[in-house]
Amino acid sequence: MAMRQTPLTCSGHTRPVVDLAFSGITPYGYFLISACKDGKPMLRQGDTGDWIGTFLGHKGAVWGATLNNEATKAATAAADFTAKVWDAVTGDEVLTLAHKHIVKSVNFTQDSSCLLTGGNDKIIRIYDLNQPEAEPQEITGHTSAIKKALWCNNDTQILSAADDKTVRLWDRNSTEVVKQLSFDMSVSSMEYIPDGEVLVITYGKTIAFYNALSLDMIKTVDAPASIHSASLHPDKDFFVAGGDDFKLYKFDYGTKEELESYKGHFGPVHCVRFSPDGELYASGSEDGTLRLWQTAVGKTYGLWKCVLPEELVSENSDTIYCTPAAPEIKA
């Protein structure tokens with residue numbers, strides 16, 4: 001019998017959802033933060049999508065959002081020329097970091113002591129959160145707006161992707177470029193997987209995988225549509241991607257074969273990420289919603305319960321419905 005994917009829909013945002021991130025696994029589960037053009041980033045329980053709270057304070061679209069591993073701190077990047085650090089437990093604003101232009105990306109070090117930012121002023125900044133009054137360390141070299149800046153190699157190096165059609169690997173101490181990749185078009189997204197040092201890059205219809213330390217190519221996969229975001233499963237068995245055609249695609253990482261595609265959003269998919277346990281992946285869209293999708297359809301997990309109700313199974317039925325107990329989660 002075939003399994004039918006039924007995503008959980010998380011509503012509450014009023015504009016396109018442009019970024020999302022999961023925390024690590026904590027004693028209280030794991031958590032999900034979303035960045036939206038409505039200027040109101042939201043925190044949710046990661047496995048159910050249940051709304052926990054909204055971080056209020058930005059005066060413009062929020063382009064980037066992240067949580068530290070312990071889910072005690074959040075950071076957001078916005079069009080109001082600021083990055084903000086928040087207490088993710090109380091929802092209180094802890095710090096506002098003024099920039100000279102729109103901020104697109106925020107990323108904590110593993111110990112949450114430093115914050116990396118990047119944006120339209122083409123400068124990568126490192127803020128010491130233990131000395132918030134101190135001037136940030138600045139790294140220059142990109143010639144166009146920075147879309148993403150991420151710590152890598154145990155926070156000793158930095159990966160950045162920009163509209164100058166390059167991805168660069170920087171040494172944190174010397175602030176010099178160690179390696180650089182150049183593309184024929186702007187990179188649409190970048191994901192760093194510490195376990196195995198894998199870098200996932202999307203541009204056009206291509207999903208590319210690189211060694212994050214050497215920037216040597218591992219493989220590329222072409223998707224049926226222009227892709228805005230991709231995410232590799234923690235076990236590296238498969239990866240998911242979403243883009244212009246409103247669909248979520250799932251591929252076998254080893255064979256590059258397309259395994260499944262699902263349409264649930266009513267607009268382009270801007271961001272997709274696997275949960276830290278690999279049991280689900282979350283997508284954010286132009287339609288203003290987040291959706292949670294099961295990695296293994298039919299497994300009882302979170303709000304999904306696999307049932308075989310008599311009224312859904314007829315002599316001619318070849319579909320098992322794995323239905324969420326609460327299909328729409330509102331803020």
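Here are my entries, in the order I looked things up.

**Entry 1: the model.** I noted before anything else that this is a predicted model.

**Entry 2: the sheet.** Which order do the four strands of the open sheet take? I read it as β19-β20-β21-β22, and the pairing is antiparallel. I then checked the edges: β19 (189–193) and β22 (217–222) stand there, and each has a single partner strand, so one side of each is left without a neighbour in the sheet. From one strand to the next, the twist averages 15°.

**Entry 3: one pairing up close.** I picked β21, which covers residues 206–211, and followed its pairing with β22. The two run in the antiparallel sense, and I found five bridges between them. What stands opposite Ala208? I found Thr220, in β22.

**Entry 4: counting salt bridges.** I took a side-chain nitrogen of Lys or Arg within 4 Å of a carboxyl oxygen of Asp or Glu as my rule. The count by this rule comes to eleven salt bridges. I looked up a few of them for the pages below.

**Entry 5: Asp195 and Lys236.** These side chains meet in a salt bridge, at 3.6 Å from N to O. I wanted to know where the partners sit, and the pair turns out to link distant parts of the chain, 41 residues apart. Asp195 lies in the loop between β19 and β20 (198–203), while Lys236 lies in the loop between β23 (227–232) and β24 (238–243). Is Asp195 buried or exposed? Asp195 counts as exposed because its relative accessibility is 56%, and exposed means over 50%. Lys236 has 21% relative accessibility, so I put it down as partly exposed.

**Entry 6: Glu279 and Lys299.** I found another salt bridge here, with 2.8 Å from N to O. This pair also links distant parts of the chain, 20 residues apart. Glu279 is in the loop between β27 (269–274) and β28 (280–285), and Lys299 is in the loop between β29 (290–294) and β30 (304–306). With a relative accessible area of 39%, Lys299 is partly exposed.

Entry 7: Between Asp121 and Arg125, the closest N and O atoms of the salt bridge are 2.7 Å apart. I looked up their burial too: Asp121 is buried, and Arg125 is buried as well.

How values were computed: Residues numbered from 1 in each chain as written. Predicted model: local features only at pLDDT ≥ 70, side-chain atom pairs only at ≥ 80, totals over all residues. Heavy atoms only, no water. Pairing = 2+ DSSP bridges. Axes fitted to C-alpha atoms, helices over the stretch in contact; angles between N-to-C directions. Buried < 20%, exposed > 50% of the residue type's maximum accessible area, 1.4 Å probe, protein only.
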